[in-house]
Amino acid sequence: MRQRSLIAITAALAAGALTLTACGSRDSGDKGSDSGNGGGTTVVIGVDAPLTGDLSALGLGIKNSADLAAKQANKKSYVKGVTFKIEALDDQAQPSSGQSNASKFVSEKEVLGVVGPLNSSVAQSMQKVFDDAKLVEVSPANTNPALTQGDNWQTSKARPYKSYFRTATTDAIQGPFAAQYVYNKAKRTKVFVIDDKKTYGAGLAATFTDEFKKLGGKVVGTEHINPDTKDFSAVATKVKNSGAQVVYYGGEYPQAGPLSKQIKAAGAKIPLVGGDGIYADDFIKLGGASAKGDLATSVGAPVETLPSAKEFVANYKAGGYSEAYGAYGGYSYDSTWSIIEAVKKVVDDNGGKLPSDARAKITEAMQNVSFDGVTGKVSFDEYGDATNKQLTVYSVENGAWKAVESGTYNGS
Amino acid sequence: MSGVGPVEPGEGTRAREAHDTDAVRAPGRTRTRLTEVYARHRRAALALAVAAAVLAGGGYLYATRPKQPPPPEPPYPAQAVEMAFLNGRPTAPGAPPRSFSFEVSLTVLSGPPVTVTRVTQPYAGLWLSVAPRAPFRTKAGAPRKITITMHVTDCGKVPKDAGLPFLEVTLRNARAMQAQSFILGERYAQHLSEALQVACGNGPRNHQNT
């Protein structure tokens with residue numbers, strides 16, 4: 001009998017402990033649905049980027065990040081009754097391919113928004129196609145000012161297309177920011193300017209040159225390169241003979257890496273500076289050991305200083321994507337999410353359903369979209385440009401990009 | 001009457017005696033000893049068992065208690081601060097020749113207070129002073145106006161036509177200390193250019209900028 005009492009007491013205590021434990025509330029982690037299915041209507045978000053070729057490292061990061069945003073929205077059932085789907089097309093960094101892709105997206109009625117492209121020159125070929133169809137386009141990477149502020153943006157700004165938006169900062173800020181750093185901080189007063197003759201590269205080189213001269217700097221030489229070649233020895237020799245203290249290159253990393261290497265090999269031990277187009281790990285691979293000390297400006301603040309980016313980085317890793325999200329991953333996620341927000345607004349305003357003129361309504365709603373994204377506060381000004389204008393200067397150190405200066409633009 | 005009666009002991013058999021039973025069931029004897037010990041120390045044993053059970057239960061509960069998520073870290077100071085050019089101001093009294101003043105606003109958008117520890121500018125021919133003097137603290141929701149007075153030391157080394165001049169501000173909050181460049185836009189660029197042209201074009205005298 002006594003033994004039974006002892007057992008009973010112990011059992012009662014154990015049961016009590018287990019009951020208390022069971023009653024305790026605790027975070028179970030993910031409470032959302034794993035179905036990835038948000039509801040009955042499917043909304044397709046198109047993605048246009050270079051998925052093959054030299055720039056595919058950046059393009060695939062854009063595609064994957066857009067895919068992640070759509071999956072997150074579906075997982076959270078962010079827009080009731082709507083499932084988002086990504087359709088990605090390869091523009092191979094060619095304007096003609098971009099235009100064909102734009103026409104294809106326009107012809108598919110389920111496509112209610114497009115993320116992309118990477119290249120400003122490709123964007124130029126797509127803008128009118130989208131605008132005629134009132135199909136909204138949000139680029140995570142285009143930096144040429146004319147896309148939002150018109151060809152005469154330096155003298156009179158005029159928005160050419162109301163359906164075009166971007167989350168990246170423009171070269172109207174990026175070029176001068178680089179010039180200020182090179183002249184004032186790096187103390188280099190003689191520059192040799194090279195570009196690839198493309199919309200992005202030539203535009204960025206021009207905004208850099210303009211500010212560099214205003215600061216008192218001297219341009220000791222200029223050259224254009226053919227982006228289809230990798231032999232820049234003739235240009236490298238000209239740089240060596242010019243007495244330049246620094247080279248500014250307007251273009252992208254597939255050419256910038258070999259160009260940097262060949263300039264140093266020619267005997268000019270001077271840094272090469274570029275924009276977001278060279279801010280890629282592949283630049284360092286192509287440039288080799290002599291790329292040490294080369295500089296790049298890139299849009300946005302360093303990811304490690306953005307608490308909002310941590311979740312994106314973790315989710316991207318968990319998503320199992322085989323390619324890195326790259327320089328524009330966060331911007332691509334935010335571009336996609338801005339379309340999701342615009343769809344949500346339109347659906348909510350229409351009693352939970354998409355209206356018959358959904359494309360036009362979504363384009364209209366985009367102008368007032370505002371949310372806390374991966375890259376900070378996401379909203380657009382009267383030209384369709386991002387209101388969040390941050391830039392960072394990176395330097396190649398120990399085989400990796402390291403942030404050395406960060407700036408915030410406030411034009412108000 | 002047929003029936004089976006009690007089996008009687010036959011040859012080679014005998015009724016078991018009490019002590020024989022005990023001898024066969026030796027373990028029973030041990031139990032009896034334990035029972036006796038338990039009987040003698042019943043209260044102590046019970047208390048020990050209860051204490052052990054409570055300790056085990058408590059330990060389990062503690063180990064598996066619902067964990068509060070850590071509070072979100074405050075934002076980096078550069079992500080929490082907005083700086084904007086306001087307008088020109090009368091030159092600060094007692095300022096040296098070739099000086100001019102202007103006002104900027106500093107707003108902490110969110111998070112803990114931010115301390116401005118240093119304000120500088122990157123151009124070789126200029127230096128500046130700030131009122132209030134750094135370091136000073138600004139709380140979220142209470143924008144602060146800062147008067148900056150620039151002094152030209154070498155007219156040959158000033159940016160008379162810079163498109164996007166900026167101020168360099170060192171910020172500190174509970175998260176980190178950061179140096180951030182604030183590019184104050186076209187109005188600031190225009191103001192700076194005009195002020196520098198007047199300061200350097202009119203010789204070594206105070207530039208009264210209003």
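**View 1. Helix α12 of chain A in the predicted model**. Of the 21 residues of α12(A), 17 are buried, so the helix is largely enclosed by the rest of the structure. The helix covers residues 329-349 and reaches 30 Å from its first C-alpha to its last, close to the 30 Å expected at 1.5 Å a residue. Just after α12(A), Gly351(A) adopts a positive phi of about 70 degrees.

**View 2. The contact between domain 1 and domain 2 of chain A**. The domain assignment gives domain 1 as 19-169 + 303-388 and domain 2 as 171-299. Their centres, taken over C-alpha atoms, are separated by 31 Å. Domain 1 of chain A contributes 16 residues to the contact and domain 2 of chain A contributes 17 residues. On the domain 1 side, α2 (56-75) and α4 (120-132) each supply at least two residues, and α4(A) gives the most, with three residues. By class, this side of domain 1 comprises seven nonpolar, eight polar and one charged residues.

**View 3. The open four-stranded sheet of chain B**. The strands follow the order β1-β2-β6-β4 with antiparallel pairing. At the edges stand β1 (81-89) and β4 (126-131), each with a single partner strand, so one side of each is left without a neighbour in the sheet. From one strand to the next, the twist averages 30 degrees.

**View 4. Strand pairing and helix packing on the sheet of chain B**. Six bridges join β4(B) to the antiparallel strand β6 (residues 144-152). Trp127(B) stands opposite His151(B) in β6(B). Helix α5 (residues 185-201) of chain B lies across β1, β2 (99-108) and β6, running at about 40 degrees to β1(B).

Notes:
Residues numbered from 1 in each chain as written. Chains lettered and ligands numbered in written order. Predicted model: local features only at pLDDT ≥ 70, side-chain atom pairs only at ≥ 80, totals over all residues. Expected span 1.5 Å × (residues − 1). Buried ≥ 20, exposed ≤ 12 C-beta atoms within 10 Å, placed from the backbone. Domains from an automatic or database assignment. Contact = placed C-beta atoms within 7 Å. Nonpolar A, V, L, I, M, F, W, Y, C, P; charged D, E, K, R; others polar. Pairing = 2+ DSSP bridges. Axes fitted to C-alpha atoms, helices over the stretch in contact; angles between N-to-C directions.
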